[in-house]
Amino acid sequence: MSGAALAARFLFFNFQFLILGLTMLTFPNAKINLGLNITEKRPDGYHNLETIFYPIPIEDALEINPLHDGDGKYCLHQAGIEIAGEAENNLVVKAYKLLDELFDLPPVDIHLFKRIPSGAGLGGGSADAAFMLKLLNEKFNLGLSLDKLEEHAARLGADCAFFIRNAPTYAEGIGNIFSPVSLSLKGYQLWLVKPDIFVSTRDAFSQIKPRRPQRSLKETIQLPVKEWREYMMNDFEESVFPQFPAIGEIKEEMYRQGAVYASMSGSGSSVYGLFAADAVLPDIDFGKKAFSYKGRLNV
Ligand SMILES: C[C@@](CO)(OP(=O)(O)O)[C@H](O)COP(=O)(O)OP(=O)(O)OC[C@H]1O[C@@H](n2ccc(N)nc2=O)[C@H](O)[C@@H]1O
Ligand SMILES: Nc1ncnc2c1ncn2[C@@H]1O[C@H](COP(=O)(O)OP(=O)(O)O)[C@@H](O)[C@H]1O
């Protein structure tokens, strides 16, 4: 069965339950990084950085239902893109366990349909975890504020807390200290390609020579989008592109096709281009196993 057919079946299944009011369904979305400056290495081995997280409409589907069978506290069913590893290592389960320790939650049946590619710099796992916290908070009336949800999310991953408010955000520290940014790319077309290449975030960091940019990203982002190409960098590109030339070639292709701005997201391997609202995007084959998305930004 194709991915689209599987998704349709999955959603129809949920729709039936939604009508009956028995289930709770949510759609965790991905993010891209607009600029990424790695500014210094810290004594604990991590790196301080600055970046802007921006929500994009590539989504997973996540639902929870009451669990009646068996004596466990959760059961995880997965469909769509496969995620390696045991259920207990899945970030949605980690999110459930975190709140279960505090609130002794009822048992839940979890369905996760993955569309966001992993190891892509799109934060898909973190999005699932943050949306799970929000879903549990709502379903079981836990009364957690957004600040409190962010605090819990931060324990599950550096960028996880971003997905609680899920609005354009300037991040610094190790990527966990947030402030809002006034920025809207609504109407721009987004073309995102993730080639079949895995980039290890740890290795990517180990090859970076940290440096402070001449101008903070907070200022650069206020320039017109057409000027970003000259002033806004993702520092990982310098080490990742020579190692995986195919990733750099996707970025070049985006510019050849008329992108106003193009960049790798996070530590890769996905690359996105922002295109004018009326641009015509061609069909280009980036390899049989490449993931490709074309759509419009809605925030
Ligand atoms: C760099 C970003 C920017 O968005 O990359 P993407 O994950 O989006 O690609 C993220 O902050 C990544 O955060 P995350 O993916 O949670 O990284 P982690 O799993 O916590 O860290 C993986 C490894 O990267 C290194 N690491 C991570 C974050 C950081 N600020 N400094 C580091 O040096 C550490 O060696 C760590 O062991
Ligand atoms: N629900 C999940 N979705 C995706 N990845 C998950 C999930 N739970 C755990 N992981 C693990 O988290 C790692 C990072 O995935 P992800 O956040 O999607 O990528 P990235 O860090 O490139 O944005 C993966 O290697 C995967 O094994």
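This is a predicted model: local features need pLDDT of at least 70, side-chain atom pairs count only at pLDDT 80 or more; totals for chains, interfaces and linings use all residues.
**Domain interface**

I started with the area buried between domain 1 and domain 2, and I got about 2,500 Å², of which carbon and sulfur atoms give 66%. Buried area here is the accessible area, taken with a 1.4 Å probe, that two parts lose on being put together, summed over both. In domain 1, the residues that lose the most area to domain 2 are Leu34, Leu36 and Ile38, and together they make up 21% of what that side buries.

Residues are numbered from 1 along each chain as its sequence is written, chains are lettered from A and ligands numbered from 1 in the order in which they are written, and side-chain values use heavy atoms, with hydrogens and water left out.

Where do the domains run? Domain 1 covers 3-180 and domain 2 covers 189-296; the bounds come from an automatic or database domain assignment. I found 24 Å between their centres, taken over C-alpha atoms. I also looked up the contacts (heavy atoms within 4.5 Å): 28 residues of domain 1 touch 32 residues of domain 2.

**The sheet**

Next I traced an open sheet of four strands, in the order E10-E11-E9-E12, with antiparallel pairing. Helices (H or I, at least four residues) and strands (E, at least two) are DSSP runs, numbered from the N terminus, and two strands pair if DSSP finds at least two bridges between them. Strand E10 (261-264) and strand E12 (291-296) are the edges, each pairing on one side only. From one strand to the next, the twist averages 15°. Angles run from 0 to 180 degrees between N-to-C directions, with axes fitted as lines to C-alpha atoms, for helices over the stretch in contact.

Then I checked who packs on this sheet. Helix H10 (residues 245-256) does, touching strand E9 (189-194), E10 and E11, and its direction makes about 5° with that of E11. E10 and E11 (residues 271-275) share four bridges in the antiparallel sense. I picked out serine 263, whose bridge partner in E11 is tyrosine 272.

Which residues does the cis peptide bond join? I found glycine 268 and serine 269, with omega at about 10°. Serine 269 sits in the loop between E10 and E11.

Aspartate 104 has a positive phi, near 45°. I located aspartate 104 in the loop between helix H2 (91-103) and strand E6 (108-114). Is aspartate 104 buried or exposed? It is exposed, at 60% relative accessible area; the cut-offs are under 20% for buried, over 50% for exposed and partly exposed in between (1.4 Å probe, protein chains only).

Asparagine 141 also has phi near 45°, a positive value. I placed asparagine 141 in the loop between H3 and helix H4 (146-154), and it is exposed at 68%.

**Asparagine 137 and the cysteines**

Asparagine 137 lies in helix H3 (residues 124-139) and counts as buried at 12% relative accessibility. Leaving out residues up to four places away in sequence, I list Leu142, Gly143, Leu144 and Leu149 as what asparagine 137 touches.

Last, I searched the whole structure for disulfides and got zero; the test is a pair of cysteine sulfur atoms within 2.5 Å. Cysteine 75 is partly exposed at 28%, whereas cysteine 160 is buried at 1%.
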